[in-house]
Amino acid sequence: MTGIGPVEEYDPGDDSPPPADAIGTDSPRPADVIGTDSPRLHERWAALPPRRRRTALLLAAVAAAVTALLLLRPTPADPAPSPPPADATLLDYDGPGMENGTFRFTVRVSSGSPVTLRRLDAWIPELGASTTPRLPLTVKAGEPRFLVVWLSIYHCPGLPRDLDQPRLELTLRNQRAQQQHSFVFGDPLSRDLLAFLRANCGPAMPPPAPAPPAGTLRPISHGSNTQLPLSQ
């Protein structure tokens with residue numbers, strides 16, 4: 001058997017907890033907090049002290065300027081290809097050395113990649129040639145190197161009568177090619193070389209060739225070259 005008894009009134013001044021049915025559905029309840037909105041960018045910027053805002057603006061301006069300079073910097077052009085080694089190598093005669101049979105030279109490279117002197121020979125089989133420093137010798141553009149050539153005589157009677165155009169045969173190599181080049185000299189190398197041969201061969205030295213007619217021009221220095229494969 002069920003029924004509804006008298007309704008008890010709730011006294012707010014009473015310390016005892018109110019009955020469960022005393023709390024109506026209309027009573028205020030605390031709202032559930034799901035999350036809070038973080039400060040937006042402009043709000044965070046406005047909250048910064050003026051000094052920090054100035055510093056941030058300055059750093060941004062510097063970063064923008066550096067980026068602009070990097071973007072506007074011109075791209076370096078590709079370097080010009082090196083000339084063939086024979087076209088870039090100069091061999092100048094500096095005079096006889098202190099030792100018997102030595103002759104001093106200066107090697108220069110005018111431009112392009114470094115040139116390596118791989119071999120040096122005399123132009124006739126009766127003479128042998130060696131160098132100080134020993135080869136191979138690498139010469140960079142703008143950095144001349146000094147070279148001493150030592151000549152040795154193998155056979156005096158076989159020496160040619162005409163020594164007015166002595167030559168040195170060099171094998172040259174750089175990034176572009178390898179070449180065998182003949183450096184041809186006139187005076188004073190021919191005069192110094194003839195004095196060396198006469199001092200060491202004496203009577204076995206062939207008589208000199210007749211002097212050329214007056215007014216005949218003699219080349220001071222020239223050369224010819226032969227292209228060689230780089231693998232040699």
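Biologist: Where does Ser-182 lie?
Modeller: In this predicted model, Ser-182 is part of strand β8; strands are DSSP runs of E with at least two residues, numbered from the N terminus. Residues are numbered from 1 along each chain as its sequence is written.

Biologist: Is Ser-182 buried or exposed?
Modeller: Ser-182 counts as buried because its relative accessibility is 9%. Buried means under 20% relative accessible area, exposed over 50% and partly exposed in between, with a 1.4 Å probe and protein chains only.

Biologist: Which side chain does Ser-182 join in a polar contact?
Modeller: That of Glu-169, at 2.5 Å. A polar contact is a pair of N or O atoms within 3.5 Å, and within protein one must be able to donate a hydrogen and the other to accept it; residues adjacent in sequence count only if both atoms are side-chain atoms. Side-chain values use heavy atoms, without hydrogens and water, and side-chain atom pairs count only at pLDDT 80 or more.

Biologist: Changing topic, how many aromatic pairs are there?
Modeller: The structure has three. Rings of Phe, Tyr and Trp (its six-membered ring) pair if their centres lie within 6.5 Å; planes under 30 degrees apart are stacked, over 60 edge-to-face and the rest tilted.

Biologist: Why is the pair of Tyr-93 and Phe-105 tilted?
Modeller: Their planes meet at 50°, with centres 5.3 Å apart, so the pair is tilted. Tyr-93 sits in strand β1 (residues 89–96) and Phe-105 in strand β2 (residues 102–109), 12 residues apart.

Biologist: And what of Phe-105 and Phe-185?
Modeller: Their ring centres are 5.6 Å apart and the planes are at 55°, so this pair is tilted. Phe-185 lies in strand β8 (residues 178–185), so the pair ties together parts 80 residues apart in sequence. Both Phe-105 and Phe-185 are buried.

Technical notes:
Predicted model: local features only at pLDDT ≥ 70, side-chain atom pairs only at ≥ 80, totals over all residues. Helix = DSSP H or I, 4+ residues; strand = E, 2+ residues; numbered from the N terminus.
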